[in-house]
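Please read this briefing beside the sequence and the model, which are shown next. The points that follow are grouped by topic.

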Amino acid sequence: MSPKTTRAGKRHDATPLLEWVLGGIGVVLFVGAIAFLTYEEFRGADRVSGVEIHIDEIVRTHDAYLVRYRAHNQGTQTLVDLRIVARVLDGTTERERVEAGIDFLPGESWRRGGFYLREDPQKYRIEIRAGGYQEP
Amino acid sequence: MTMETWQLGFMMDRHRLVVLMLALLPVLVGLAYYSGFEDTTHFGDSVLDAFVAIAVTSFMATIVLLIFSVIKTEARPNEWIGMIALQAVPGSIGALLAQSQFGHRQSAQRKRRISGDFGEYFLMCAGALFLAANIAPTEEVLIIALQMSPWQSIVLAALSLALMHTFVYAAGFRGQHERPQNRSFAAVFVKFSVNGYVLALAISAFICWTFGRFEGLTLRDTMQIIVVLGFPASVGAASARLVL
């Protein structure tokens, strides 16, 4: 974006190469973004689906068991204030129940989180599932 | 750089984001054209400047969002392209405004382009868009609008209008406009301040629509949101007339 010093006929001579390069990159970025977003739009309306939760690891801390999980949004709809519930079950008896939240989980994306449990989840069965969310 | 801005980047409707980006392009070209110099800046240069501003802003937005760890390496393209595209809207306008102010030394022989009435209105729209696009994503706009009464909205509208006029004609800021001798106060007030405020409101409504701010609201709340966002938008519109 530097000054041009000549009249219309010669002005391109005064335009630095860098400006042409940046302008070209700008065109590619602009057209590319429009094309990609239009493609995303025509993929269809946002689809709500399940939230798949994988336990990555269980870490013993000084006073609790940390269960690190990864929540993967299977749908294309962004989920706001997603509640995640973890239950430690001894047979059918619930020994512990903890809730956590994820502020935003974009469609087809994943976020990590963790639960601090008093009970050793490796001794019992642990169930982690999505509890509820808001639409944006 | 507010949290709402990058969240909107992946949450807002894709067709509205595309409409916003398409609307941005002529604004950038026009801004480069009117803020350029009469004897040297031509339409082709303005188009080039607009795309340079988009490239520079996209690059900087990507770097900053990566440094802030807002863009995760595992994020889907849909997520980060939306974030960067949304940051590019006010960012590229800001880049051109900065270029017009700091880009190159102004000499006494070189004149700013004489914009005429259409140019004045256009610059007001660009200034309103710049501030409105920065502020509209924040929750505060909605919260303020919902806690105001209709009377307070009317007072805010009157205040916005008065500020617009004072900014341009009375406050003594650099770039202040002089009222033409052959025009009455009322004529100038209606022609630029009232019309400018209407444009600022229209820009505010457009921005709110693109961000989905009207979803599920009553007509009264919708109008109040427009008036609330119209306050900074009108200051942006008036400032653009002073600065450019």
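Chain A has a mean pLDDT of 85, and 90% of its residues reach 70 or more, where pLDDT is the predictor's confidence in each residue, from 0 to 100. This is a predicted model, in which local features need pLDDT of at least 70 and side-chain atom pairs count only at pLDDT 80 or more, while totals for chains, interfaces and linings use all residues. Residues are numbered from 1 along each chain as its sequence is written, and chains are lettered from A and ligands numbered from 1 in the order in which they are written.

**Confidence in chain A**
- Confidence in chain A is highest in S2(A), at 93, and lowest in helix H1 (residues 11-14), at a mean of 58; helices (H or I, at least four residues) and strands (E, at least two) are DSSP runs, numbered from the N terminus.
- Over residues 4-10 of chain A, pLDDT stays under 50.

**The sheet of chain A**
- Three strands of chain A form an open sheet in the order S1-S2-S5, with antiparallel pairing, two strands being paired if DSSP finds at least two bridges between them.
- Strand S1 (51-60) and strand S5 (110-117) of chain A are the edge strands, each of which pairs on one side only.
- S1(A) and strand S2 (residues 65-73) of chain A run antiparallel and are joined by nine bridges, and Glu57(A) stands opposite Arg68(A) in S2(A).

**The contact between the chains**
- Chain A gives 29 residues to the contact and chain B gives 30, with residues in contact if their C-beta atoms, placed from the backbone, lie within 7 Å.
- On the side of chain B that touches chain A, H3(B) provides the largest share, nine residues.

Notes. Two residues are in contact if their C-beta atoms, placed from the backbone, lie within 7 Å.
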